[in-house]
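Subject: Structure for you to look at

Hi,

Here is the structure I promised. Please open it and keep it beside this email.

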Amino acid sequence: GGLYVVSLATVAKTYPERIRPRVMALLASMWILPGLLGPPVGSVIAETAGWRWAFVAPLPLIVLAVALVMPTLRGVRVTEDASRLPVGASLVLMFGAGSLLAALTHVSVWSIPLLLVGLAVTVPALRRITPAGTLTARAGLPAASAAAFLASAAFFATDGFVTLMLTETRGLSIVLAGVVLTASALSWAAGSWWQSRVIGRLGARRLTSFGAVLIAAGAAVVGVGLLEGVPVVAPYLGWTIGSVGMGIVFPTIPLSVMGEAVEGREAGELSSMILMDYLGVGIGAGLAGASVFTDIEGSTRLARELGPEAYAEALAEHRRLLREVYRRHGGVEVDTQGDAFFYAFPDAREAVAAADEGREALRPGPIHVRVGMHTGTPHLGPEGYVGHDVHLGARIGAAGHGGQVLVSQAVRAAAAL
(Lines give C-alpha, C1' and ligand atoms only; values in the text may rest on other atoms or scores of the structure.)
Protein backbone atom coordinates (compact mmCIF):
# COMPACT_ATOMS: atom_id res chain seq x y z
CA GLY A 1 0.00 0.00 0.00
CA GLY A 2 2.79 2.45 0.88
CA LEU A 3 4.66 1.74 -2.36
CA TYR A 4 1.50 2.35 -4.38
CA VAL A 5 0.97 5.73 -2.70
CA VAL A 6 4.59 6.66 -3.48
CA SER A 7 4.21 5.64 -7.12
CA LEU A 8 1.02 7.65 -7.61
CA ALA A 9 2.41 10.67 -5.78
CA THR A 10 5.50 10.53 -8.01
CA VAL A 11 3.28 10.51 -11.09
CA ALA A 12 1.37 13.52 -9.76
CA LYS A 13 4.53 15.47 -8.92
CA THR A 14 6.62 14.74 -12.03
CA TYR A 15 4.41 14.06 -15.07
CA PRO A 16 2.48 16.75 -16.97
CA GLU A 17 -1.29 16.35 -16.70
CA ARG A 18 -1.70 15.58 -20.41
CA ILE A 19 0.36 12.35 -20.26
CA ARG A 20 -0.71 11.10 -16.83
CA PRO A 21 -3.51 8.94 -18.30
CA ARG A 22 -1.00 6.96 -20.36
CA VAL A 23 1.27 6.50 -17.34
CA MET A 24 -1.69 5.28 -15.26
CA ALA A 25 -2.69 2.86 -18.01
CA LEU A 26 0.86 1.53 -17.98
CA LEU A 27 0.74 1.12 -14.19
CA ALA A 28 -2.57 -0.74 -14.49
CA SER A 29 -1.04 -3.05 -17.08
CA MET A 30 1.83 -3.78 -14.72
CA TRP A 31 -0.72 -5.04 -12.18
CA ILE A 32 -2.08 -7.40 -14.82
CA LEU A 33 1.29 -8.83 -15.90
CA PRO A 34 2.14 -10.34 -12.48
CA GLY A 35 -1.40 -11.73 -12.32
CA LEU A 36 -0.81 -13.64 -15.54
CA LEU A 37 2.81 -14.71 -14.99
CA GLY A 38 3.02 -15.03 -11.21
CA PRO A 39 0.70 -18.03 -10.66
CA PRO A 40 2.30 -20.39 -13.20
CA VAL A 41 5.81 -19.39 -12.11
CA GLY A 42 4.81 -19.86 -8.48
CA SER A 43 3.38 -23.28 -9.28
CA VAL A 44 6.64 -24.39 -10.93
CA ILE A 45 8.67 -23.17 -7.93
CA ALA A 46 6.33 -24.89 -5.47
CA GLU A 47 6.42 -28.18 -7.36
CA THR A 48 10.18 -28.25 -7.97
CA ALA A 49 11.86 -26.45 -5.06
CA GLY A 50 9.02 -26.36 -2.53
CA TRP A 51 6.31 -23.81 -1.74
CA ARG A 52 8.47 -21.95 0.81
CA TRP A 53 10.79 -20.84 -1.99
CA ALA A 54 7.88 -19.06 -3.66
CA PHE A 55 8.23 -16.40 -0.96
CA VAL A 56 11.99 -16.09 -1.53
CA ALA A 57 11.92 -15.89 -5.33
CA PRO A 58 10.53 -12.30 -5.56
CA LEU A 59 13.29 -10.86 -3.33
CA PRO A 60 15.91 -10.41 -6.11
CA LEU A 61 13.26 -8.67 -8.23
CA ILE A 62 12.50 -6.29 -5.36
CA VAL A 63 16.20 -5.47 -5.00
CA LEU A 64 16.42 -4.86 -8.76
CA ALA A 65 13.34 -2.61 -8.67
CA VAL A 66 14.81 -0.55 -5.82
CA ALA A 67 18.10 -0.20 -7.71
CA LEU A 68 16.26 1.05 -10.80
CA VAL A 69 13.82 3.37 -9.07
CA MET A 70 15.77 5.03 -6.24
CA PRO A 71 18.15 7.07 -8.44
CA THR A 72 15.15 8.45 -10.31
CA LEU A 73 13.24 9.33 -7.13
CA ARG A 74 16.09 11.58 -6.01
CA GLY A 75 15.03 14.00 -8.73
CA VAL A 76 11.44 14.24 -7.53
CA ARG A 77 10.66 17.61 -5.98
CA VAL A 78 9.69 17.14 -2.32
CA THR A 79 7.59 19.63 -0.39
CA GLU A 80 6.42 19.73 3.19
CA ASP A 81 3.22 17.68 3.32
CA ALA A 82 1.16 18.06 6.47
CA SER A 83 -1.48 15.51 5.46
CA ARG A 84 -1.24 12.38 7.58
CA LEU A 85 -3.60 9.48 8.14
CA PRO A 86 -4.33 8.98 11.87
CA VAL A 87 -2.99 5.56 12.83
CA GLY A 88 -5.41 5.10 15.73
CA ALA A 89 -8.45 5.79 13.57
CA SER A 90 -7.12 3.35 10.96
CA LEU A 91 -6.92 0.56 13.56
CA VAL A 92 -10.43 1.36 14.80
CA LEU A 93 -11.62 1.26 11.20
CA MET A 94 -10.19 -2.26 10.81
CA PHE A 95 -12.19 -3.45 13.83
CA GLY A 96 -15.37 -1.80 12.56
CA ALA A 97 -14.99 -3.28 9.09
CA GLY A 98 -14.55 -6.75 10.61
CA SER A 99 -17.77 -6.34 12.59
CA LEU A 100 -19.68 -5.26 9.48
CA LEU A 101 -18.36 -8.24 7.53
CA ALA A 102 -19.37 -10.63 10.30
CA ALA A 103 -22.89 -9.21 10.33
CA LEU A 104 -23.26 -9.40 6.55
CA THR A 105 -21.68 -12.80 5.88
CA HIS A 106 -23.23 -14.87 8.68
CA VAL A 107 -26.88 -14.22 9.49
CA SER A 108 -27.60 -15.02 13.13
CA VAL A 109 -29.03 -13.46 16.27
CA TRP A 110 -25.78 -11.49 16.52
CA SER A 111 -26.06 -9.94 13.07
CA ILE A 112 -28.03 -6.84 14.10
CA PRO A 113 -25.83 -6.05 17.14
CA LEU A 114 -22.67 -6.57 15.10
CA LEU A 115 -24.04 -4.39 12.33
CA LEU A 116 -24.86 -1.58 14.76
CA VAL A 117 -21.48 -1.85 16.48
CA GLY A 118 -19.70 -1.93 13.13
CA LEU A 119 -21.49 1.19 11.91
CA ALA A 120 -20.97 3.00 15.23
CA VAL A 121 -17.22 2.32 15.03
CA THR A 122 -16.62 2.58 11.29
CA VAL A 123 -18.45 5.83 10.50
CA PRO A 124 -16.55 8.06 13.00
CA ALA A 125 -13.24 6.45 11.98
CA LEU A 126 -13.94 7.12 8.31
CA ARG A 127 -14.83 10.72 9.09
CA ARG A 128 -11.41 11.20 10.68
CA ILE A 129 -9.46 9.48 7.91
CA THR A 130 -11.17 10.54 4.69
CA PRO A 131 -11.87 14.01 3.27
CA ALA A 132 -14.95 15.70 4.73
CA GLY A 133 -18.02 14.69 2.74
CA THR A 134 -16.77 11.26 1.65
CA LEU A 135 -19.75 9.44 3.17
CA THR A 136 -22.13 11.64 1.18
CA ALA A 137 -19.95 11.66 -1.96
CA ARG A 138 -19.55 15.44 -1.99
CA ALA A 139 -18.14 16.69 -5.29
CA GLY A 140 -14.35 16.66 -5.57
CA LEU A 141 -11.94 14.58 -3.50
CA PRO A 142 -14.67 13.11 -1.24
CA ALA A 143 -16.58 11.72 -4.23
CA ALA A 144 -13.38 10.19 -5.63
CA SER A 145 -12.70 8.35 -2.34
CA ALA A 146 -16.29 7.08 -2.18
CA ALA A 147 -16.15 5.94 -5.80
CA ALA A 148 -12.88 4.04 -5.17
CA PHE A 149 -14.49 2.11 -2.30
CA LEU A 150 -17.71 1.28 -4.14
CA ALA A 151 -15.98 0.19 -7.34
CA SER A 152 -13.52 -2.13 -5.57
CA ALA A 153 -16.14 -3.63 -3.26
CA ALA A 154 -18.51 -4.36 -6.16
CA PHE A 155 -15.83 -5.78 -8.43
CA PHE A 156 -14.00 -8.05 -5.97
CA ALA A 157 -17.19 -9.35 -4.35
CA THR A 158 -18.24 -10.73 -7.73
CA ASP A 159 -14.72 -11.73 -8.75
CA GLY A 160 -14.46 -14.01 -5.72
CA PHE A 161 -17.58 -15.98 -6.69
CA VAL A 162 -17.46 -16.31 -10.46
CA THR A 163 -15.08 -19.29 -10.68
CA LEU A 164 -16.82 -21.09 -7.82
CA MET A 165 -20.13 -20.61 -9.60
CA LEU A 166 -18.74 -21.99 -12.86
CA THR A 167 -17.37 -25.15 -11.25
CA GLU A 168 -20.13 -25.89 -8.73
CA THR A 169 -23.30 -24.59 -10.42
CA ARG A 170 -22.40 -25.05 -14.08
CA GLY A 171 -20.23 -28.15 -13.55
CA LEU A 172 -17.20 -26.93 -15.52
CA SER A 173 -13.69 -28.18 -14.97
CA ILE A 174 -11.14 -26.00 -13.18
CA VAL A 175 -9.30 -25.50 -16.46
CA LEU A 176 -12.38 -24.13 -18.24
CA ALA A 177 -13.42 -22.03 -15.25
CA GLY A 178 -9.94 -20.50 -15.11
CA VAL A 179 -10.41 -19.04 -18.58
CA VAL A 180 -12.76 -16.42 -17.10
CA LEU A 181 -9.92 -15.03 -14.95
CA THR A 182 -7.53 -14.83 -17.89
CA ALA A 183 -10.21 -13.02 -19.89
CA SER A 184 -10.78 -10.73 -16.91
CA ALA A 185 -7.09 -9.77 -16.69
CA LEU A 186 -6.84 -9.02 -20.40
CA SER A 187 -10.14 -7.08 -20.38
CA TRP A 188 -8.96 -4.99 -17.43
CA ALA A 189 -5.81 -4.06 -19.38
CA ALA A 190 -7.89 -3.23 -22.47
CA GLY A 191 -10.19 -0.97 -20.44
CA SER A 192 -7.21 0.89 -18.96
CA TRP A 193 -5.68 1.39 -22.40
CA TRP A 194 -8.96 2.74 -23.81
CA GLN A 195 -9.49 5.22 -20.98
CA SER A 196 -6.01 6.63 -21.52
CA ARG A 197 -7.00 7.45 -25.10
CA VAL A 198 -10.33 9.14 -24.42
CA ILE A 199 -10.14 10.70 -20.93
CA GLY A 200 -9.08 14.06 -22.36
CA ARG A 201 -12.20 14.13 -24.52
CA LEU A 202 -14.77 12.51 -22.21
CA GLY A 203 -13.52 13.61 -18.80
CA ALA A 204 -13.06 11.68 -15.55
CA ARG A 205 -16.69 11.98 -14.44
CA ARG A 206 -18.16 10.41 -17.57
CA LEU A 207 -15.54 7.68 -17.70
CA THR A 208 -16.04 6.74 -14.05
CA SER A 209 -19.82 6.61 -14.52
CA PHE A 210 -19.47 4.52 -17.67
CA GLY A 211 -17.05 2.12 -16.00
CA ALA A 212 -19.35 1.72 -12.99
CA VAL A 213 -22.25 0.88 -15.30
CA LEU A 214 -20.13 -1.79 -16.99
CA ILE A 215 -19.16 -3.33 -13.61
CA ALA A 216 -22.82 -3.45 -12.55
CA ALA A 217 -23.94 -4.84 -15.90
CA GLY A 218 -21.19 -7.46 -15.86
CA ALA A 219 -22.11 -8.61 -12.35
CA ALA A 220 -25.76 -8.85 -13.38
CA VAL A 221 -24.91 -11.01 -16.40
CA VAL A 222 -22.74 -13.25 -14.19
CA GLY A 223 -25.71 -13.62 -11.84
CA VAL A 224 -27.97 -14.62 -14.70
CA GLY A 225 -25.53 -17.45 -15.37
CA LEU A 226 -26.83 -19.15 -12.21
CA LEU A 227 -30.17 -19.84 -13.92
CA GLU A 228 -30.83 -23.11 -15.69
CA GLY A 229 -31.15 -22.85 -19.43
CA VAL A 230 -28.87 -19.80 -19.70
CA PRO A 231 -25.89 -20.50 -21.99
CA VAL A 232 -22.69 -21.13 -20.06
CA VAL A 233 -20.98 -18.39 -22.08
CA ALA A 234 -23.02 -15.78 -20.17
CA PRO A 235 -20.74 -15.60 -17.09
CA TYR A 236 -17.68 -15.35 -19.33
CA LEU A 237 -19.23 -12.51 -21.30
CA GLY A 238 -20.50 -10.82 -18.17
CA TRP A 239 -17.18 -10.79 -16.33
CA THR A 240 -15.35 -9.65 -19.44
CA ILE A 241 -17.69 -6.63 -19.49
CA GLY A 242 -17.24 -6.05 -15.76
CA SER A 243 -13.45 -6.23 -16.03
CA VAL A 244 -13.39 -3.69 -18.85
CA GLY A 245 -15.37 -1.41 -16.55
CA MET A 246 -12.88 -1.89 -13.70
CA GLY A 247 -10.01 -1.24 -16.09
CA ILE A 248 -11.64 2.10 -16.92
CA VAL A 249 -12.46 3.10 -13.33
CA PHE A 250 -9.26 1.96 -11.61
CA PRO A 251 -6.86 4.51 -13.20
CA THR A 252 -9.46 7.22 -13.74
CA ILE A 253 -10.22 7.85 -10.06
CA PRO A 254 -6.55 8.50 -9.06
CA LEU A 255 -6.24 10.81 -12.06
CA SER A 256 -9.21 12.85 -10.84
CA VAL A 257 -7.60 13.09 -7.38
CA MET A 258 -4.32 14.28 -8.91
CA GLY A 259 -6.22 16.99 -10.73
CA GLU A 260 -7.92 18.19 -7.52
CA ALA A 261 -5.02 17.74 -5.08
CA VAL A 262 -3.30 20.82 -3.63
CA GLU A 263 0.30 21.12 -4.78
CA GLY A 264 2.62 19.62 -2.20
CA ARG A 265 -0.15 17.52 -0.61
CA GLU A 266 -0.57 14.94 -3.38
CA ALA A 267 0.63 11.98 -1.30
CA GLY A 268 -1.67 12.69 1.65
CA GLU A 269 -4.76 13.17 -0.49
CA LEU A 270 -4.01 10.16 -2.67
CA SER A 271 -3.48 8.02 0.43
CA SER A 272 -7.05 8.67 1.61
CA MET A 273 -8.40 7.53 -1.74
CA ILE A 274 -6.17 4.43 -1.75
CA LEU A 275 -7.25 3.53 1.80
CA MET A 276 -10.89 3.57 0.66
CA ASP A 277 -9.91 1.51 -2.38
CA TYR A 278 -8.22 -1.13 -0.21
CA LEU A 279 -11.15 -1.11 2.22
CA GLY A 280 -13.42 -1.92 -0.70
CA VAL A 281 -11.10 -4.71 -1.82
CA GLY A 282 -11.05 -6.13 1.72
CA ILE A 283 -14.81 -6.09 2.09
CA GLY A 284 -15.35 -7.53 -1.38
CA ALA A 285 -12.80 -10.29 -0.83
CA GLY A 286 -14.15 -10.93 2.68
CA LEU A 287 -17.63 -11.46 1.27
CA ALA A 288 -16.03 -13.86 -1.20
CA GLY A 289 -15.18 -16.34 1.57
CA ALA A 290 -12.14 -18.28 2.79
CA SER A 291 -9.78 -21.14 1.96
CA VAL A 292 -9.23 -23.98 4.44
CA PHE A 293 -6.21 -26.32 4.48
CA THR A 294 -6.06 -29.46 6.64
CA ASP A 295 -3.16 -31.79 7.30
CA ILE A 296 -2.61 -34.75 9.65
CA GLU A 297 0.13 -34.11 12.18
CA GLY A 298 2.64 -36.93 12.45
CA SER A 299 1.00 -39.04 9.73
CA THR A 300 4.14 -41.10 9.08
CA ARG A 301 4.56 -41.96 12.77
CA LEU A 302 0.84 -42.73 13.10
CA ALA A 303 0.88 -45.06 10.08
CA ARG A 304 3.79 -46.95 11.59
CA GLU A 305 2.07 -47.25 14.98
CA LEU A 306 -1.35 -48.34 13.66
CA GLY A 307 -0.18 -50.57 10.84
CA PRO A 308 -1.23 -50.36 7.17
CA GLU A 309 -4.79 -51.71 7.50
CA ALA A 310 -5.78 -49.81 10.64
CA TYR A 311 -4.26 -46.59 9.31
CA ALA A 312 -6.10 -46.96 6.01
CA GLU A 313 -9.40 -47.36 7.89
CA ALA A 314 -8.68 -44.37 10.14
CA LEU A 315 -7.67 -42.25 7.13
CA ALA A 316 -10.87 -43.16 5.26
CA GLU A 317 -13.01 -42.31 8.31
CA HIS A 318 -11.17 -38.99 8.72
CA ARG A 319 -11.90 -38.10 5.10
CA ARG A 320 -15.56 -39.10 5.41
CA LEU A 321 -16.12 -37.02 8.55
CA LEU A 322 -14.40 -33.89 7.24
CA ARG A 323 -16.12 -34.05 3.86
CA GLU A 324 -19.50 -34.43 5.52
CA VAL A 325 -18.94 -31.52 7.90
CA TYR A 326 -17.37 -29.18 5.34
CA ARG A 327 -20.06 -29.90 2.75
CA ARG A 328 -22.75 -29.12 5.31
CA HIS A 329 -21.23 -25.66 5.82
CA GLY A 330 -21.06 -24.90 2.09
CA GLY A 331 -17.44 -25.96 1.50
CA VAL A 332 -16.17 -27.09 -1.88
CA GLU A 333 -13.32 -29.59 -2.12
CA VAL A 334 -10.67 -28.01 -4.34
CA ASP A 335 -7.90 -30.57 -3.94
CA THR A 336 -6.73 -33.52 -1.84
CA GLN A 337 -3.24 -34.98 -1.73
CA GLY A 338 -2.38 -37.89 0.53
CA ASP A 339 -3.80 -36.95 3.93
CA ALA A 340 -4.30 -33.22 3.18
CA PHE A 341 -7.42 -31.31 2.09
CA PHE A 342 -7.88 -27.95 0.37
CA TYR A 343 -11.41 -26.52 0.69
CA ALA A 344 -12.98 -23.23 -0.45
CA PHE A 345 -15.91 -21.64 1.39
CA PRO A 346 -18.14 -18.76 0.21
CA ASP A 347 -18.46 -17.50 3.81
CA ALA A 348 -15.57 -17.00 6.23
CA ARG A 349 -17.79 -17.54 9.27
CA GLU A 350 -19.00 -20.87 7.88
CA ALA A 351 -15.39 -21.87 7.18
CA VAL A 352 -14.43 -21.24 10.80
CA ALA A 353 -17.49 -23.14 12.05
CA ALA A 354 -16.72 -26.06 9.75
CA ALA A 355 -13.10 -26.25 10.88
CA ASP A 356 -14.10 -26.26 14.54
CA GLU A 357 -16.86 -28.85 14.03
CA GLY A 358 -14.54 -31.06 11.98
CA ARG A 359 -11.91 -30.92 14.69
CA GLU A 360 -14.46 -32.01 17.31
CA ALA A 361 -15.73 -34.83 15.06
CA LEU A 362 -12.19 -36.26 14.84
CA ARG A 363 -11.41 -35.89 18.55
CA PRO A 364 -12.45 -39.47 19.57
CA GLY A 365 -10.30 -41.09 16.88
CA PRO A 366 -6.55 -41.51 16.46
CA ILE A 367 -6.21 -38.85 13.75
CA HIS A 368 -5.96 -35.16 14.65
CA VAL A 369 -5.59 -32.51 11.97
CA ARG A 370 -4.04 -29.06 11.93
CA VAL A 371 -6.07 -26.53 9.99
CA GLY A 372 -4.93 -23.30 8.32
CA MET A 373 -7.32 -20.66 7.01
CA HIS A 374 -6.93 -17.56 4.85
CA THR A 375 -9.28 -15.40 2.80
CA GLY A 376 -8.42 -13.62 -0.44
CA THR A 377 -8.74 -13.83 -4.23
CA PRO A 378 -6.44 -16.63 -5.46
CA HIS A 379 -5.80 -17.21 -9.15
CA LEU A 380 -7.52 -20.19 -10.75
CA GLY A 381 -4.99 -21.88 -13.04
CA PRO A 382 -5.09 -25.10 -15.09
CA GLU A 383 -4.22 -27.23 -12.04
CA GLY A 384 -6.44 -25.42 -9.52
CA TYR A 385 -6.16 -22.40 -7.24
CA VAL A 386 -2.66 -20.91 -7.04
CA GLY A 387 -1.02 -17.71 -5.90
CA HIS A 388 0.08 -15.91 -2.76
CA ASP A 389 -3.21 -16.44 -0.91
CA VAL A 390 -3.02 -20.21 -1.42
CA HIS A 391 0.60 -20.41 -0.25
CA LEU A 392 -0.18 -18.28 2.78
CA GLY A 393 -3.11 -20.50 3.78
CA ALA A 394 -0.98 -23.64 3.49
CA ARG A 395 1.87 -22.02 5.41
CA ILE A 396 -0.49 -21.05 8.23
CA GLY A 397 -1.71 -24.63 8.47
CA ALA A 398 1.83 -26.01 8.52
CA ALA A 399 2.64 -23.83 11.54
CA GLY A 400 0.02 -25.57 13.69
CA HIS A 401 -0.18 -28.79 15.67
CA GLY A 402 -2.75 -31.56 15.68
CA GLY A 403 -6.11 -30.28 16.92
CA GLN A 404 -5.31 -26.61 16.22
CA VAL A 405 -7.17 -24.23 13.87
CA LEU A 406 -4.99 -21.27 12.82
CA VAL A 407 -6.45 -18.32 10.90
CA SER A 408 -4.94 -15.28 9.19
CA GLN A 409 -5.70 -11.70 10.18
CA ALA A 410 -7.90 -11.42 7.08
CA VAL A 411 -10.05 -14.33 8.28
CA ARG A 412 -10.24 -12.83 11.78
CA ALA A 413 -11.59 -9.61 10.30
CA ALA A 414 -14.01 -11.34 7.91
CA ALA A 415 -15.36 -13.67 10.60
CA ALA A 416 -15.21 -11.09 13.43
CA LEU A 417 -13.15 -13.39 15.67
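Below are the notes on what was found in it.

This is a predicted model, where local features need pLDDT of at least 70, side-chain atom pairs count only at pLDDT 80 or more, and totals for chains, interfaces and linings use all residues. Residues are numbered from 1 along each chain as its sequence is written, and side-chain values use heavy atoms, with hydrogens and water left out.

Start with the strands. Helices (H or I, at least four residues) and strands (E, at least two) are DSSP runs, numbered from the N terminus. Strand 2 (residues 332–337) pairs with strand 3 in the antiparallel sense, over 5 bridges. Pairing requires that DSSP finds at least two bridges between two strands. Glu 333 has Tyr 343 in strand 3 as its bridge partner. Strand 3 (residues 340–345) has 5 of its 6 residues buried, so the rest of the structure largely encloses it. Buried means under 20% relative accessible area, exposed over 50%, partly exposed in between (1.4 Å probe, protein chains only).

Now the salt bridges. The rule is a side-chain nitrogen of Lys or Arg within 4 Å of a carboxyl oxygen of Asp or Glu. That gives 7 salt bridges. One joins Arg 323 to Glu 333, with the closest N and O atoms 2.8 Å apart. This pair links distant parts of the chain: Arg 323 sits in helix 13 (residues 308–328) and Glu 333 in strand 2, 10 residues apart. Arg 323 is partly exposed at 27%. Glu 333 is partly exposed too, at 32%.

Asp 356 and Arg 359 form another, at 2.4 Å between the closest N and O atoms.

Best wishes
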